[in-house]
Amino acid sequence: HAGSGGRNQYTHSCGDYRYPTFMGGGGYSSADGGGAIHIIASSITVDGDINMNGEKNSYSGGAGGSIWIETGTLSGTGSITADGGQAASDSNYAGGGGGRIAIHANDISGFSGTMTACGGESVSGQIYRGSPGSLYTELGPSVSTRVHNMIYNNCGRDTNMKTRPFS
């Protein structure tokens, strides 16, 4: 929903990159979009997966959903993902757009896992690959002095899609 699906002609994204709450839209032929989760805790250890990915489908993939984490400390070796779903069967179908991840924390230096909001793959490659979503971090001990950072990355893959991640 932050990134456009592989065949989508729209260039606007949905939802707030700082406070994401939207679920990902479904793809063609019942591919579900990713869900939405908002986690508030004094400390969080992620050694497994927090996954709000769009569904892979034999046609077009669903869009990635939203993950919004508010914590003092984020640690662990797991993964936090809101990736678009992959289109699996035919070169005419497209990957879903990437979702949104926002991390508001005092410290994430103890987190060595991965965070991605990539567009979904397409059998036809770059032509119908979904565009990336957004990964936003707001870090520091005081809300008024936090450092804000936006990462806009499609897992190293090119796409022909245009998107506006900062709506």
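The model is predicted, with local features requiring pLDDT of at least 70 and side-chain atom pairs counted only at pLDDT 80 or more, whereas totals for chains, interfaces and linings use all residues. Residues are numbered from 1 along each chain as its sequence is written, and side-chain values use heavy atoms, with hydrogens and water left out.

Strands were assigned as DSSP runs of E of at least two residues, and helices as runs of H or I of at least four, both numbered from the N terminus. Two strands were taken to pair if DSSP finds at least two bridges between them. Under this definition, five strands form an open sheet with mixed pairing, in the order 1-3-5-7-8. Strand 1 and strand 8 (147–151) are the edge strands of this sheet, each pairing on one side only.

Strand 5 (residues 100–111) runs parallel to strand 7 and is joined to it by six bridges; Ile103 has Thr137 of strand 7 as its bridge partner. Strand 8, by contrast, runs antiparallel to strand 7, and five bridges join the two. Leu135 stands opposite Ile151 in strand 8, and Tyr136 stands opposite Met150 in that strand. Strand 7 is mostly covered, with five of its six residues buried; buried denotes under 20% relative accessible area, exposed over 50%, and partly exposed the range in between (1.4 Å probe, protein chains only).

A further open sheet comprises three strands in the order 2-4-6, with parallel pairing. Its edge strands, each pairing on one side only, are strand 2 (49–51) and strand 6 (114–116). The twist in this sheet averages 5° from one strand to the next. Strand 2 and strand 4 (residues 79–81) run parallel and are joined by three bridges. Asn51 stands opposite Thr81 in strand 4.

Aromatic contacts were defined for rings of Phe, Tyr and Trp (its six-membered ring) with centres within 6.5 Å, planes under 30 degrees apart counting as stacked, over 60 as edge-to-face and the rest as tilted. The count by this rule is two aromatic pairs. In one of these, the rings of Tyr17 and Tyr136 have centres 5.3 Å apart and planes at 75°, so the pair is edge-to-face. Because Tyr17 lies in the segment before strand 1 (36–45) and Tyr136 in strand 7 (residues 134–139), the pair ties together parts that are 119 residues apart in sequence. Tyr136 has a relative accessibility of 4% and therefore counts as buried.

Tyr17 is also contacted by a charged side chain. Arg18 lies over the face of Tyr17, at 5.5 Å from the ring centre; the criterion is that NZ of Lys or CZ of Arg be within 6 Å of the ring centre and within 35 degrees of the ring normal. Arg18 additionally forms a salt bridge with Asp16, with the closest N and O atoms 2.9 Å apart. Both partners are partly exposed: Arg18 has a relative accessibility of 33%, and Asp16 has a relative accessible area of 23%.

Side chains of opposite charge can pair when their charged atoms come close. A salt bridge was defined here as a side-chain nitrogen of Lys or Arg within 4 Å of a carboxyl oxygen of Asp or Glu, and the count by this rule is two. Besides Arg18 and Asp16, the side chains of Arg146 and Glu138 meet in a salt bridge at 3.9 Å, N to O. Here both residues are buried, Arg146 with a relative accessible area of 14% and Glu138 with 7%.

Two other buried positions were examined. Ser66, in strand 3 (residues 66–76), has a relative accessible area of 0% and is buried. Its side chain reaches the backbone oxygen of Phe22 at 2.5 Å, a polar contact being a pair of N or O atoms within 3.5 Å; within protein, one must be able to donate a hydrogen and the other to accept it, and residues adjacent in sequence count only if both atoms are side-chain atoms. Gly119, in the loop between strand 6 and strand 7, counts as buried at 2% relative accessibility. Gly119 and Arg129 are ten residues apart in sequence, with a C-alpha to C-alpha distance of 6.6 Å.

Conventions
Axes fitted to C-alpha atoms, helices over the stretch in contact; angles between N-to-C directions.
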